[in-house]
Amino acid sequence: MTAKIAYDEVEVGTELPARTFPVTRATLVQYAGASGDFNPIHWNEKFAVEVGLPDVIAHGMFTMAEAIRVVTDWAGDPAAVVEYGVRFTKPVVVPNDGVGAVIEVSAKVAVKLDDNRVRVDLTATSAGQKVLGMSRAVVRLA
Amino acid sequence: MALDQSFVGRTYPPTPSYEVGREKIREFAEAIGDANPAYTDPEAAKELGHPDVIAPPTFVFAITFKAAGLVIEDPQLGLDYSRVVHGDQKFAYTRPVRAGDRLSVTSTIEAVKSLAGNDILDIRGEVHDATGEHVVTAWTKLVSRAPEES
């Protein structure tokens, strides 16, 4: 494990570079295939509406995968992430309009732990709604 | 219908091993749009100190969730899967998943609760490699929503 960020160089409040991640129906179909999660709420509008959703929604695990990229890109080595957890608070709604949705992710160092580890708190929103809650990663820095 | 509390603490047998392939990791990394070379280029992964390409942090969910199927589909537990949504997800890593791993998952029911008619199920999946070394633990909270009043 070779993180490129040194523990001594970060402080509580240090912000990680924020990112935005676009999501279209094609993204969800590709993610369904790669992850093996073929739940029709992620690609079949008729089915999604029938079970009470506003439209097709992104896989929660897709959003979780995108959000941690802010941390893995910052740390350099993805293996620097030693813990990662989220709560799925609101769905990312993905309309079939050729544009889709955008997931906006920001993150900052919340706590400096022992053993060169820090806790990073993430914020993920889509269409102005917070889509992840309690989104935290523990990262081992250099 | 409330789930049976006696299931708390129940552990299911380890799953047959899942062999992690380089191309499966590449497919997953492409699906999330992540061009980090540690996921696709063995040389880049070696420069970071890994013996082969590693998987993105959430890759292992596909394996642990399939293993959780033993719990979810246990007819004695009686969970209504058509009403299940994913509540929380957490991972704690001893090391990253990497190509060549042969992973087995042991699932345990950590908690069973009923809250406002919703059934809540906490499942822990312990992931070990072929040598028995711990790789990652995954905690999955599933919520089976109460049927709407008709």
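Select Val86(A) first: the residue standing opposite it is Gln89(B), in β2(B). Now display the two strands concerned, β2(A) and strand β2 (residues 84-93) of chain B, which pair in the antiparallel sense over 5 bridges; strands count as paired if DSSP finds at least two bridges between them. Helices (H or I, at least four residues) and strands (E, at least two) are DSSP runs, numbered from the N terminus.

This is a predicted model, in which local features need pLDDT of at least 70 and side-chain atom pairs count only at pLDDT 80 or more, while totals for chains, interfaces and linings use all residues. Residues are numbered from 1 along each chain as its sequence is written, and chains are lettered from A and ligands numbered from 1 in the order in which they are written.

Next, select the interface. Here 27 residues of chain A are in contact with 26 residues of chain B, contact requiring C-beta atoms, placed from the backbone, within 7 Å. On the chain A side, two or more residues come from each of α1 (25-35), α3 (60-67), α4 (69-75) and β2 (81-88). β2(A) gives the most, with 8 residues.

Then move to Asp115(A), in the loop between β3 (101-112) and β4 (117-126) of chain A. Asp115(A) has a positive phi of about 60° although it is not a glycine. Asp115(A) is exposed, with 8 other C-beta atoms within 10 Å.

Finish at Ala127(A), in the loop between β4 and β5 (129-130) of chain A. Its phi is also positive, about 50°, and it is not a glycine. Ala127(A) is partly exposed, with 13 C-beta neighbours inside 10 Å; by backbone-placed C-beta atoms within 10 Å, buried means 20 or more others, exposed 12 or fewer, and partly exposed in between.

Technical notes
Two residues are in contact if their C-beta atoms, placed from the backbone, lie within 7 Å.
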